[in-house]
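These are my notebook entries on one model. I set down what I looked up, entry by entry.

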Amino acid sequence: MNHICLLLSGAALLLNGLAALDLLPRRDAAVFSLVTGSTQLLLAVAYLGTAGGGDGTAGGGGTAILLGAAGMFLFGLTYAYVGLDFLLGLGSRGLGWFCGMVAGCGLLLAASWSAEDPLLAVLWLCWTYLWLLFFLQLALGIERLTPLIGWSLILTSQASATVPALLGITGRWPDGPEAPATATAAVGATAALAALLLLAGYLAWRGRQTAARAAVVLSVACPDVSASALPGELKR
């Protein structure tokens, strides 16, 4: 069930990234986030009950079950909150502080998985970074991070969620902390995700530079144009 949740997360991250860059209506992404989050919460409850032996405890699998369920709940609550925040017009500040709290939990989960599943620990570090970006933007009001958030979500959605989910579903997830394949997968994932995040930073910077140059040209050609008439990227 946790791999199914991860597969859904890949789609949700992609749609929210497209919405952040104004390539998709935000309402579309919000509805999908709400549906995804609600589904993940239901799957998390089912996972915790069945994996724990059907009595709602973790007796059937110990700490790993609780850690897996915790991750599913954190993702589910985040997506549900994202969807409700936009659809109900809540203002996003509370969502930002929630993302900050989840980022802290992500660091703890990454540390908890580092010995048993290094690949999953690397993925949690990537997700923690994304949650941190949302905290900085929504809670602290750093709006200029919007392009970076959009590109980061788009570029890492498949590498950090969809591909790992398919590895788990098909039984190809590297097992055993001492296995060479596990170490190789963790190192490869670290390099790939770091490269994607650097690329996201470059694309966001290039977009801002292009928007700034376009704003200068527009101000020279049309000095009386109002700020409200500028495209969204030029107003950031």
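I began with the term helix, which here is a DSSP run of H or I with at least four residues, numbered from the N terminus. The model I examined is a predicted one.

**Entry on A19**

I looked up A19 and found it in helix α1. Is A19 buried or exposed? I recorded a relative accessibility of 3% for A19, and since buried means under 20%, A19 counts as buried. Leaving out residues up to four places away in sequence, I noted that A19 touches L24, P25, R26 and A29. I then looked up the separation of A19 from I154, which is 135 residues away along the chain; their C-alpha atoms are 9.9 Å apart.

**Entry on S160**

I turned to S160, which belongs to helix α6, residues 146-169. I noted that S160 is buried, because its relative accessibility is 0%. Which side chain makes a polar contact with that of S160? I found W127 as the partner, at 3.2 Å. A polar atom of the S160 side chain also lies 2.6 Å from the backbone oxygen of T156. Setting aside neighbours within four places in sequence, I listed the contacts of S160 as L6, L13, L123, C126, W127 and L193.

**Entry on the nonpolar cores**

I next looked up the largest nonpolar core, which has 40 residues. Within this core, L120, W124, W127 and W131 touch the most other members. Which helices each supply at least two residues of this core? I wrote down α1 (2-20), α3 (63-88), α4 (93-113), α5 (118-139), α6 and α7 (180-221). Helix α5 gives the most, with 12 residues. I then checked L120, which touches W113, W127 and W173 when residues up to four places away in sequence are not counted. I also found a second, separate core of 7 residues, with L43, A44, I65 and M72 among them.

**Entry on the aromatic pairs**

How many aromatic pairs does the structure hold? I recorded 9 aromatic pairs. For W97 and F135, I noted ring centres 5.2 Å apart and planes at 70°, so this pair is edge-to-face. Because W97 lies in helix α4 and F135 in helix α5, the pair ties together parts that are 38 residues apart in sequence. I looked up the accessibility of both partners: W97 is partly exposed, with a relative accessible area of 47%, whereas F135 counts as buried at 15%.

I then took W124 and W127, whose ring centres are 5.0 Å apart and whose planes are at 80°, so this pair is edge-to-face. Because W124 and W127 are 3 residues apart in helix α5, about one helical turn separates them. I noted that W124 is buried at 3% relative accessibility, and that W127 is buried at 4%. Finally, I found that ring pairs link F75, Y79, W124, W127 and W131 into a cluster.

**Entry on the cysteines**

I searched for disulfides and found 0 in the structure.

Technical notes
Residues are numbered from 1 along each chain as its sequence is written. Side-chain values use heavy atoms; hydrogens and water are left out. Buried means under 20% relative accessible area, exposed over 50%, partly exposed in between (1.4 Å probe, protein chains only). A polar contact is a pair of N or O atoms within 3.5 Å; within protein, one must be able to donate a hydrogen and the other to accept it, and residues adjacent in sequence count only if both atoms are side-chain atoms. Contact means heavy atoms within 4.5 Å. A nonpolar core is a set of buried Ala, Val, Leu, Ile, Met, Phe, Trp, Tyr and Cys residues joined through side-chain atoms within 4.5 Å. A disulfide is a pair of cysteine sulfur atoms within 2.5 Å. Rings of Phe, Tyr and Trp (its six-membered ring) pair if their centres lie within 6.5 Å; planes under 30 degrees apart count as stacked, over 60 as edge-to-face and the rest as tilted.
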